[in-house]
Amino acid sequence: MPKNKFQDAVFTAIMAAVMVYGMIVYNVAWNTDGVSAMTFLAALHEMPIMFPIAFVLEFFIVGKLATALAFQVMRPDDRPQLITFAISICICCIMCPVMSLIATVLFNKPDFCTWVQTWARNFPMAICYQLFYCGPLVRLIFRTIFRETE
């Protein structure tokens, strides 16, 4: 979808913001035993910390690594939607443990068992959220912003 570095940065920023906010809401809800209006406000407090970390990781490291991994099982002539799914899954497989580690160190008891528990709790949500909600929403927003004129 992105056709140049600027578009790639915009796409990554939107994706990171939507994905990070959703995952923070999920973790706040998990830690407070439910969802309320305060859950969504509390999640905003972690955004200034977690969003830049996610953006930098995704833009400079994970995006390239995930694409390379996805093309270990995909071919360039495969259906574009399947390639998109493969890259999205690879990104989640890398970002989820890394972001869970960072969140564990910053906001929880920083030990191995807490990190593994956080990662295991977050991974199913991250995959489902990315594939079914966040990914399609962000691609729609991106296509709306960067409409191709003929």
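A: What follows begins with the basis of the model and the fold, then turns to the rings, the salt bridges and the surface.

The model is predicted, so that local features need pLDDT of at least 70 and side-chain atom pairs count only at pLDDT 80 or more, whereas totals for chains, interfaces and linings use all residues. Residues are numbered from 1 along each chain as its sequence is written, and side-chain values use heavy atoms, with hydrogens and water left out.

The chain has four helices and zero strands, where helices (H or I, at least four residues) and strands (E, at least two) are DSSP runs numbered from the N terminus. The radius of gyration of the chain, 16 Å, is close to the 15 Å that the globule rule gives for 150 residues, so the chain is as compact as a globular protein of that length; the radius is taken over C-alpha atoms, and the rule is 2.2 Å times the number of residues to the power 0.38. The C-alpha trace spans about 50 × 30 × 25 Å along its principal axes. Of the 150 residues, 42% count as buried (buried is under 20% relative accessible area, exposed over 50%, partly exposed in between, with a 1.4 Å probe and protein chains only).

In the whole structure, a search finds nine aromatic pairs. Rings of Phe, Tyr and Trp (its six-membered ring) pair if their centres lie within 6.5 Å; planes under 30 degrees apart count as stacked, over 60 as edge-to-face and the rest as tilted. Phe55 and Phe59 are a stacked pair, because their ring centres are 5.4 Å apart and their planes lie at 10°. Both residues belong to helix α2 (residues 37-73), where they are four residues apart, about one turn of the helix. Phe59 also pairs with Phe60, in an edge-to-face arrangement with 5.0 Å centre to centre and 90° between the planes. Phe59 counts as buried because its relative accessibility is 13%, while Phe60, at 51%, counts as exposed. Elsewhere, ring pairs link Phe6, Phe11, Phe142 and Phe146 into a cluster.

Charged side chains supply another set of contacts. Three salt bridges are found in the whole structure, each a side-chain nitrogen of Lys or Arg within 4 Å of a carboxyl oxygen of Asp or Glu. Arg75 meets Asp77 at 3.3 Å, N to O, and Asp78 at 3.0 Å, N to O, which links Arg75, Asp77 and Asp78 in a network. Asp77 is exposed at 63% relative accessibility, but Asp78 is buried at 18%. Asp111 forms a salt bridge with Lys109, with the closest N and O atoms 3.5 Å apart.

On the surface, Ile49, Leu101, Val105, Leu106 and Phe107 form a nonpolar patch with about 410 Å² of accessible area together. Patch residues have over 30% relative accessible area and no salt bridge, like charges being joined within 9 Å and nonpolar side chains (Val, Leu, Ile, Met, Phe, Trp, Tyr) within 5 Å; accessible areas come from the Shrake-Rupley method with a 1.4 Å probe, and for residues only the protein chains shown count as cover. Helix α3 (residues 80-107) gives the most to this patch, with four residues.
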